[in-house]
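Subject: Structure handover

Hello,

Here is the structure I said I would pass on. My notes on what was found follow below it.

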Amino acid sequence: MRHLITATVNGRERELSVKSNQTLLDVLRDDLRLKGTHEGCSVGVCGSCTVLVDGKPVSSCLMLASNAEGRDVLTIEGLSRDGNLDPVQQAFLDHQAFQCGFCTPGMIMAVKGLLNENPKPDQVEVRDYLSGNICRCGTYVEVMAAIEDLAAKGQ
Amino acid sequence: MSAVGSDVPRVDGNAKVSGSAQYTADIELPGMLHAKALRSPHPHAKLVSVDVSKAAALPGVIAVVTRDDLEGLNPYYGAVVEDQPVLAMERVRCVGDVVAAVAAEEREIAEEAVELIEVEYEPLPAVFDVVEAAAPEAPIIHEERFETQAAIFREQLNLNAGGNVCSVFRAGDGDVDAGFAEADGIFENTYRMPPVQHGHIEPHVATAVWESPNRLVVHTPCQNAVGLQEQLARIFNLPESGVRVVVPHVGGGYGGKTHARLEPVTALLARKAGRPVQWVLTREEVFLTGRRYGGFVRMKTGFKRDGSLVAREVEVFYDLGAYALSGPANAKTGSYVASGPYRVPNRRLTTYAVYTNLPPAGPYRGVGVPHVAWAYESEMDRIARHLRMDPLELRLKNLLQEGDIFVTGESLVSVGISDCLRQAAAGIGWRGREEQADGATEGSLRRGKGLAVIMKSTTTPTASAASVRLNGDGSVMLLTSSTEMGQGVRTCLAQIVAEGLGFPVERVTVSAPDTDVTPYDKSTSSSRTTFHMGNAALRAAEEVRDQLLEAGARALEVDKADLELAATGVSVRGVPDRSLTIPQLLRVKYGDAVGSIFGSCNFQVKGGLDPKTGKGKAAAFWFFAACAAEVEVDAETGKVRVLDIATSVDVGKAINPLQCWLQNEGSMLEALGAAFFEEMVFEQGQPVNGTLLEYMLPSMEDHPERFQSLLVETPHPDGPFGAKGAGEAVIPAVAPAIGNAVANALGGVNITELPLRPERIVAALAERAAGASRDK
Ligand code: FES
Ligand code: FES
């Protein structure tokens, strides 16, 4: 069964025909060809599929696409504007907060969500908030440093 | 600023933070189909019949493959022994063995089709424990013995050791019985290390397309593009040049993507379908596709009252699972270091690579070394405690030194191990003998510190080849089959080439592996790339440099030595206006200002061990590392908190210190996960925790409160700028350092089996308490 939904994706309103069991992740990757959002586990535990829905981080592998009706979806591709990196992306670059980069788009979106909610998180809050974003390359210290930097700059 | 030795930013950084880096699953080819496999539910069974007629008839299904489709091909493959069928032949040997596979227009159709395949099995007796599997009465997992295609393995491994023992390797020195006879004390213990997951967040995935009946193109995140090319060529009776393997961005490997895993089946499906096929494994399938060897270690150590080791006997059993992959070579890597990085005059070291009916294992950072390091470093602390010696002093007293003759007979060079150990210990504020006293206590909380040191070889003999191409605009391309999987190899090689030419790093682009274009490389594994590919790239760059200087010297009528090279061209030292641009140099060389200048090198390291004696040259270079940890254990709950952890690696020369830090941080965290909670559990060969819901990977919350990645630089005479390898050096040292810290905190309660789960710690404490009350 397919139905039509309307959602804003990366700032553009889209009309999408989605299957009732289709996840937001599949719609992003397969239909909209936004391949920057990655799939690592499909059960909501690795965080590599994290996108922002109405400004809040969501595991897109767990969310049904039909639930995106009327909502505002932001993926890694929607972060940079006019070729300029978002401050979070820039901070990840500056602090080399990644290695293989597979978890990175999800991690960046989660950090974005964290700072939306709490512009000056402390270490404990950071660790707790990001505990669902697994980086097997282990680049956590650098992510924490990037966040500290962003918080200090008030971004 | 010199290119080598500085924290040059990653060359792939922008692509990775912007989401534009293309990984294999992101590739969509026109007409591409999706694959799904039917896997064995039995750990060991005869495959009586496979009926795919219903599946094949399902609308949207384009191809279904079974063993029947391997007719006329070479169905068996393997890195060392060719024991793994592309699809199950006469039997299945583990849960997850691929019996059939479907390619369909949509993923859901492929999934539905797989359900329609009817298979009849006849279960066979199975064996799961590695020691039981090695016994002569165990059910035989491979009745046929497979040959190895690679002469090098025939020459250097003792294969087909009988029963389920795929290979055995022995190393030794002196007279072990006499050594034990002169010992003042003897300890004998057994240790266990369970299988764990590599945990790369990108699952295994491959895309295959046949451009013509003689031309196969595969995209895959493989750490070993050339090895895969060779294997696919053999399976499909093609010349190697008939197979093109391309490696896009790789979402982590850690050893788990070194060998062919799903590429042969994907290629077979694409061949039958006549269309491109992509296969992305689910996480559950990843759990059935690769893992670290489980290991069992028996260790007996004789020591003198002054702490010197006099004899050691070690037997190690590595559980390969159903197929060998590189297991025999990895078990060899564990053998000669099984007595640790210590001077031990008398030793007998034996490792067995053993088949079991568990899903296949394979190399994982550190290969066979974590297992033996867990044992020998735990033993060192027991000995220190027994002799009331400082564990640091005991180790320093026995550690190998520069120029020592190792058990393999080779003389050791670039041995910074004592420095590593001192540096790591100082990193957590080690206070000498005091650390032997029981840790500080507060309520049920106990603190303790622990140390560990390791050494590891890099796979030898091997070769790496590279080409450097200089374009007319002064930009440079390095063609290499080394895989960037996060470890920073592209950045590191760009730095080496830039340094070799005297160009800025930004001028150098490093290719991804593409076997149509990039030359031979043994594999991106064993922390060998900086050393081997670095040497090849440097020499290729120097060849380009030489040609430029030669052309310049000819045209400017000066001696080569009087010229300077920069990205703009050459100039006479001190006379900048006597210069030639790159296009002018091309004109001097070729008569026209077009073309490119090539340099290339096939860098070869000879060596290897005689399998009868265990003597020869085991390593192009050795790496040495140490770890020191401070923990707080709750004696009531068994919960452990890591307060401080420091790792130290002798990297020879850090080409990019920041990337070394990141590699060590990643190794530390992987090892920390395996020390505390990671463990693949099987019941009768069935996975019990085979998803990321049940099998936890370390998260940010598990990151120790304090971590330092320290480096020692003892230049290696053969390394590029003195560099060795770094990637996996830390891993084997972490679990024993943590284990020793826990044992220290608990006043000498040693736990011999990983992971150090809270229940295990509580049980060990209860056992000691019971023992103490019995002794009264
Ligand atoms: S893929 Fe969605 S959380 Fe892992
Ligand atoms: S950068 Fe590799 S998993 Fe995070």
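Between chain A and chain B there are 27 residue pairs in polar contact, with both residues at pLDDT 80 or more. A polar contact is a pair of N or O atoms within 3.5 Å; within protein, one must be able to donate a hydrogen and the other to accept it, and residues adjacent in sequence count only if both atoms are side-chain atoms.

This is a predicted model, in which local features need pLDDT of at least 70, side-chain atom pairs count only at pLDDT 80 or more, and totals for chains, interfaces and linings use all residues. Residues are numbered from 1 along each chain as its sequence is written, chains are lettered from A and ligands numbered from 1 in the order in which they are written, and side-chain values use heavy atoms, with hydrogens and water left out.

The interface

The contact (heavy atoms within 4.5 Å) takes 45 residues from chain A and 51 residues from chain B. The two chains bury about 3,900 Å² between them, 57% of it on carbon and sulfur atoms; this is the accessible area (1.4 Å probe) that two parts lose on being put together, summed over both. Chain A and chain B also share 9 salt bridges, a salt bridge being a side-chain nitrogen of Lys or Arg within 4 Å of a carboxyl oxygen of Asp or Glu. In one of the salt bridges, K19(A) pairs with E106(B), with the closest N and O atoms 3.7 Å apart.

Salt bridges within the chains

Over all chains, the structure holds 56 salt bridges. In chain A, R71(A) and D54(A) meet at 3.2 Å, N to O. R71(A) lies in the loop between strand 4 (56-59) and strand 5 (72-74), and D54(A) in the loop between strand 3 (50-53) and strand 4, so the pair ties together parts that are 17 residues apart in sequence. Strands (E, at least two residues) are DSSP runs, as are helices (H or I, at least four), numbered from the N terminus. R71(A) is partly exposed at 32% relative accessible area, and D54(A) is partly exposed at 44%. Buried means under 20%, exposed over 50%, and partly exposed in between (1.4 Å probe, protein chains only).

In chain B, K724(B) forms a salt bridge with D650(B), the closest N and O atoms being 3.1 Å apart. K724(B) is buried, with a relative accessible area of 2%, and D650(B) is buried at 0%.

Regards
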